[in-house]
Amino acid sequence: MLLTIALFLGSAAAIYFACEYFVNSVEWFGKRLNLGATAVGTVLAAFGTALPESAVTFTAVAFGQTAQQKDIGVGAAMGGPLVLATVAYGVVGLALWLNKRKLRRADHGVDVDAAGLARDQLSFLAIFVVKVALGLVAFTIKPWLGLLFLAAYALYVWREINSGESSAEEDDLEPLKIRPGNPSLAWAGLQAGLALGVIAFASHLFVGQLEAIGHFAGLSPHIVALLLSPVATELPEIMNAIIWVRQGKERLALANISGAMMIQATIPSALGLFFTPWRFDGTLLVSGLITGLAIIVLWSVFRLNKAKVDSRWLAAIGLLYGLFVAWMVFAPEALRTFQF
């Protein structure tokens, strides 16, 4: 057990430090491609950090030998958006709240593109509603609808890259860690690739130790898979957000989460539709409903507070994850496993 705890803490530390290298490299990567700060967060950073959990989903649904193994992939496709919409935004809000003095902020206001984030929430919600609805019905051509999810993400990437936003301010750009000075695109890409390799390996190790700790604590595999594992697989996005908040770059932090949510709404959904029946039980439906509620609250926060978003509102959104925890702990087994 001591070895498990040591590996658990060590892998978490490795993820954090690797994320520092990743966010540093992705900013330079965006600068060399002349991308705006929002596009760097929503496209480059989000796609990079979403690769590990997308790989988990693909492996489970494409190569799983049993229905239970494929269900793990479907659960990951639903658990990721839930964690991002609640825990990730909550962590950013809490970090901004706690770092108010360090960042020399006069109030709890957050420097973000509120209109753009509100638009992203609506886009995500529209896709997510279709994603959940498809889990409640069965028909012959349903697998082919996965292509529409891939097309939706491609359209989102095109819109973000062509948004017309100017590139991030060079004054806030720290030197590339492995190549200070004026690094080329290749050096930025090399550092990003190395960091992602460490993140992927450490994330896999972290999830394994988390499952071992859950087993030692007497938690059922179902609770570990649906409650703890999604938080662990979304840890790179959360770590990225914390690092950018510490640097006073909350625009990048929130853009990274928003972009990761769009990936989770489309690519894992497409994989699930291609390789599984994509049918939900009671727990998956509840996770979808809570995710939708969180998105509506986020849209309201960004839409109604364009001038200044309060970090305390973002922190409070993290509490919605408690609704899912309560469902998993207190709901009768018959309701949790009821198949639609």
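Q: Is phenylalanine 275 buried, exposed or partly exposed?
A: In this predicted model, phenylalanine 275 is partly exposed, because its relative accessible area is 37%.

Q: Moving on, how many aromatic pairs does a search of the whole structure find?
A: The search finds seven aromatic pairs. One of them joins phenylalanine 124 and phenylalanine 128, with ring centres 5.3 Å apart and planes at 15 degrees. That angle is under 30 degrees, so the pair counts as stacked.

Q: Where do phenylalanine 124 and phenylalanine 128 lie?
A: Both are in helix H4, which covers residues 114–134. They are four residues apart, about one turn of the helix.

Q: Are those two, phenylalanine 124 and phenylalanine 128, buried or exposed?
A: Phenylalanine 124 is buried, at 2% relative accessible area. Phenylalanine 128 is buried too, also at 2%.

Q: And how are the rings of phenylalanine 274 and phenylalanine 275 arranged, stacked or edge-to-face?
A: Phenylalanine 274 and phenylalanine 275 form an edge-to-face pair, 6.5 Å centre to centre with 90 degrees between the planes.

Q: Which residue lies over the face of tyrosine 21?
A: Lysine 177 does, at 5.5 Å from the ring centre.

Q: New topic: where is alanine 154?
A: Alanine 154 is in helix H5, residues 146–161. Alanine 154 is partly exposed, with a relative accessible area of 48%.

Q: How far apart are alanine 154 and valine 83?
A: In space, 23 Å from C-alpha to C-alpha; in sequence, 71 residues.

Terms used: Residues numbered from 1 in each chain as written. Predicted model: local features only at pLDDT ≥ 70, side-chain atom pairs only at ≥ 80, totals over all residues. Heavy atoms only, no water. Helix = DSSP H or I, 4+ residues; strand = E, 2+ residues; numbered from the N terminus. Buried < 20%, exposed > 50% of the residue type's maximum accessible area, 1.4 Å probe, protein only. Phe/Tyr/Trp six-rings, centres within 6.5 Å; stacked < 30°, edge-to-face > 60°. Lys NZ or Arg CZ within 6 Å of the ring centre and 35° of its normal.
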